[in-house]
Amino acid sequence: MELSLSAYDSGDHKVLEVGGEVDVYTAPRLREKLVELVEQGARHVVVDLSRVEFLDSTGLGVLVGALKRLRAVNGSFGLVCAHERLLKIFRITALDRVFQLYDTVDAAIAASGAGTDSPA
Amino acid sequence: MPTVRLSFSPAPAHVRTARLVGVAVARRAGVAEELLEEVRLAIGEACSRAVALHRSHGLDALVDVAMADGDRFTVRVVDRAANGAMVHRTPQDEAVVLLSDPALPLTTPPDLLAEEAVAARMGLALLAGLVDDLNVSELSEGVGTEVRMSWPLERSSD
């Protein structure tokens, strides 16, 4: 299935819903979208992978790139991923220790909202 | 002898085709249904790796995929690039040995690497983590590497 990307606002978070296959062919479109969101000012980004049917190492590379971009601007980056099929990929690559992984979008927003973005 | 062979120009769009063909052949060969997702991911990673190597070396040569069903379902993905990473793992040997990987120092945390380097390293990590019987070696003839993977068969193929 083709890649689908759909972004919406939830409070001060930008949520990007990703669906279909994220692979060496489609990952550049995901990268472009994430770069665009950060360039447009998004600082707290949640990527919802719930409807992703396939994710490969190229997709993982793009997600790591987004994490770095948001860290550089003191933002936050969370992933929503509840499917065992995808969680296994994060475990094998040890990226479950690099990313914040959540079961739901609400949990991801609650976790990052409670932390770094409150004004001093 | 290979039962199915596939050669494709090193374009990312063709990797999906290779995955689809690979899973179809694996299913027909008798690989257990619960292993097919791993087969799909592993063939995709091996082909992505080959495409990335060809593109980084400016090679137009075709990537070759050969699938055979004998005692096990075996997939070989062959690239024509120099300096690919070597990996060796066998079902008897739990440890994965990364014999050489000139581009990627293994001590660098993934979040400090460039995206392409993350993808390359994670691709190898996924292959090593998914496939019990994995061997990445230099071609005996000519320049390039071969990723060889195999999976058990549930039943003998017809």
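I began with strand S4 (residues 76–80) of chain A, which three bridges join to S5(A), the two running parallel. Strands here are DSSP runs of E with at least two residues, helices are runs of H or I with at least four, and both are numbered from the N terminus. Two strands pair if DSSP finds at least two bridges between them. I looked up A:Gly78 and found A:Gln100 as its bridge partner in S5(A).

The model is predicted: local features need pLDDT of at least 70 and side-chain atom pairs pLDDT 80 or more, while totals for chains, interfaces and linings use all residues. Residues are numbered from 1 along each chain as its sequence is written, with chains lettered from A and ligands numbered from 1 in the order written.

Next I looked at the whole sheet of chain A. Its five strands form an open sheet in the order S1-S2-S3-S4-S5, with mixed pairing. S1 (4–10) and S5 (100–102) of chain A are at the edges with a single partner strand each, so one side of each has no neighbour in the sheet.

I then turned to chain B. The axes of helix H1 (residues 13–29) and helix H2 (residues 36–56) of chain B come within 9 Å and cross at roughly 145°. Axes are lines fitted to C-alpha atoms, for helices over the stretch in contact, and angles run from 0 to 180 degrees between N-to-C directions. For the contact, I noted B:Gly22 of H1(B) and B:Gly44 of H2(B) among the residues that make it; residues are in contact if their C-beta atoms, placed from the backbone, lie within 7 Å.

Notes
Contact = placed C-beta atoms within 7 Å.
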